[in-house]
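Hi,

Here is the structure I said I would pass on.

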Amino acid sequence: MRPIAWARRWLGRWGLIIALAALPVLYLIHDLTTGYQAGLVNGHAVIHHDLTRIGLNVVQGLSNGSIWALIAIGYTLVYGIIELINFAHGDVFMIGSFTAVGLYSVFGLTPSTGAVGLIFGLLAVLVVSMIVCGSLNTLIERVGYKPLRGAPKLAPLITAVGFSFILQNVGLVWRGGSPESVPDLINQGQTVFHISALPIQRGYILAIGVMIPLVFGLSWFVRSTRLGRAMRATAQDPEAARLMGINVNQTISLTFLIGGGLAGAAGLIYALYQTNIWYFQGFKAGLIAFTAAVMGGIGNIAGAVLGGLIIGVIQSFSDNRLAGGEWTEAVVFGYLILIMVLRPRGLLGEETREAG
Amino acid sequence: MNELRAQLKEWRAAIDRVLPSWWPRALAFALIGIGIVLPFAFSNNSGFMNATIIAVAYVVMSLGLNIVVGFAGLLDLGYVAFYALGAYTLGWFGSDFFFKAKVHVGVHGIAAHEIGIHLNFILILIAAAVICALAGILIGLPTLRLRGDYIAIVTLAFGEIIGVVAVNGTDIHLGGGMTLTAGNFGISAVDAPYFPGIGQFNLLNLRPWYWLIFAIMLVVLFVNLRLRDSRLGRAWVALREDEVAAVSMGIPSVRTKLSAYAMGAAFGGLSGAFLGTYFTTVNAGQFQFGFSIFILAMVIIGGLGSIWGAVAGGLLLGYINYYLIPDVLNSLPSKLGLNFQLVTIEIGIYGFLLVLVMVLRPQGLIPERRRRLELTQQIAATDAELGEPTGGIQTTGEAP
């Protein structure tokens, strides 16, 4: 019995890290020893033995992961405070994308707009879509979740699904049922500079550059302000928080407002970076971001960001190297199961009642 | 309100005294009889018959999921996996999909001469139940240490993985040019069931299909009712209510949980195999995450843990989805002078209904008696606490 217990403890501590490091390390060794095909010159394959390709995968993954991270924060905040898997959150993100794209024409933004106008215009779009999504999320909470505070735990889950369907239908009626390409405002594929041989494109800078200030702003807010303290207190024990004079309902609404706002920001980045939107994008993004939140440790903001970035990198490896990316989803969910088996509390999470 | 309820209870007791002791059984037989003759009241290939068949198949699924989520309290968000496996069991063993094989067991008509594996539909049902039960145990294993929403996450992941495998199964070669699934093209030309005496199974003659799924539903319903009151059923409920207490009373936690997964999955497989042959194709596009949610919504709207609730929820959502919105109400907007069809906002209406039912009646349409007692007892306890601090009944705060 003792070796089994030992193995289990060891796996609990290191197994997840080994599993997560497996893909990058494998491809690293592969690139350095066997090499990879960097291009064709006169019909002959040019084989390189360096880290450029793997670096590119990681950078792409990190910028995609930034979007997932922003959405995952919304999941993790809501779960932390009312223990609800907010299935409508991914669709709020989709509405964010749609709002942002709708605002392009309102603010007269086209790919030929000058740099200054574009920056201010996009900042305005960012603010408006954050406000729209934040209010939408708060509204959903008021209508769908607040009346069910004392109800069986699964009831709000079903209303969340209901709102998810409603929002999907709004998206479907709004912009039609097929993916639609949107103007590439920032020319996202353009290389800005190189880190050794690694081309850094505008899209990467945008995604990471918007995510980092938002996340730092949020963690400052949660750590240092009165309202942030109220949020943490409510997450820990709503009843005790109420007795200490915290307005629990207002705090929960605030949490939804913040989560929705970040989803709105993610929506804009997605539209700019992927230059492709459709009504079903929120559903997939929601599942991925939720996986990220669980991977990082649900209820933990830093964990959600870390999980989002890791999932982004896993996706990017799988997309670029495994049979054209059609197995990506299975790989991501396979990792999710591994995490649940090896370390249910997630990478940065604390031991909770449910994951114990 | 309370007086009204007491009055109703009194009347009910009075009715029970007047009626002979065998009347519940008589009622059950009468209902079954009505169920059997029901199709004669409707046109043989009408949209209503079609919706009824699908709704009854969904009832079988929601009864299965009710065992896992309702009885055992294990939130399963990947139930679509068993729909997929059940349907693929039919696709594999009831079509020319494995064209290198030539196996025939108890089949009639054209199917008896074609290439591929062709088993009798009863055998396929058994195979689907067994395969799904094994898959259910496999999915249950990693969740044994987890509780609550974490179980939901793992089952969701399994459901999605099975969906991805179904889509990309064309890349998994089994040798001889055969693949695991036909992906989004679908395994078509699956065998229709054959049962002598109730007529041909084809799409213009829906009555035999109805009788078949009605029979399957009756069997599943009967098993459910017996399970609920059995030792196993009580063990499930005990684990749901308080795992630590149940285990310390000697209930084997692992075996009990896995049997819930296996049982629920097997019923899903039965219904999946039926729907596979009824839709005449097994297509990877059918097995989306939304389907798991659809079935879960039936269970929760009906009332978690309540068998009759699961039946009501399955029928309600099945009819809404396949009859009310596409057939009955579809022309409503144009009658009101609006220029769109109702099907375009179908999922929106559906979502709205889910929200509405849950906000108005969070405990479900027909809540389980035991849960209802719990809820009212909790209210009584808080009342007592507020009134006189010493008289309160101690109840645990929330269900796990």
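Before the strands, one definition: two strands count as paired if DSSP finds at least two bridges between them. Keep in mind too that this is a predicted model.

On that basis, β1(B) pairs with strand β3 (residues 116-119) of chain B, running antiparallel over 2 bridges. If you want to find the spot, look for B:Gly94, which sits opposite B:His118 in β3(B). The pair belongs to an open sheet of 3 strands in chain B, ordered β1-β3-β2, and the pairing in that sheet is mixed. The edges are taken by β1 (94-95) and β2 (102-105) of chain B; each has a single partner strand, so one side of each is left without a neighbour in the sheet.

Over in chain A, have a look at strand β4 (residues 191-195) and strand β5 (residues 198-201), which pair in the antiparallel sense over 4 bridges. A:Phe193 has A:Ile200 in β5(A) as its bridge partner. The two strands make a hairpin with 2 residues between them, and A:Ser196 in the turn shows a positive phi of about 45°.

Then there's the contact between the chains, with 36 residues from chain B and 36 residues from chain A. On the chain B side, the elements giving two or more residues are α6 (149-168), α11 (289-302) and α14 (346-360). By type, the chain B side splits into 25 nonpolar, 6 polar and 5 charged residues.

Cheers

Notes:
Residues are numbered from 1 along each chain as its sequence is written. Chains are lettered from A and ligands numbered from 1 in the order in which they are written. This is a predicted model: local features need pLDDT of at least 70, side-chain atom pairs count only at pLDDT 80 or more; totals for chains, interfaces and linings use all residues. Two residues are in contact if their C-beta atoms, placed from the backbone, lie within 7 Å. Ala, Val, Leu, Ile, Met, Phe, Trp, Tyr, Cys and Pro count as nonpolar, Asp, Glu, Lys and Arg as charged, and the others, Gly among them, as polar.
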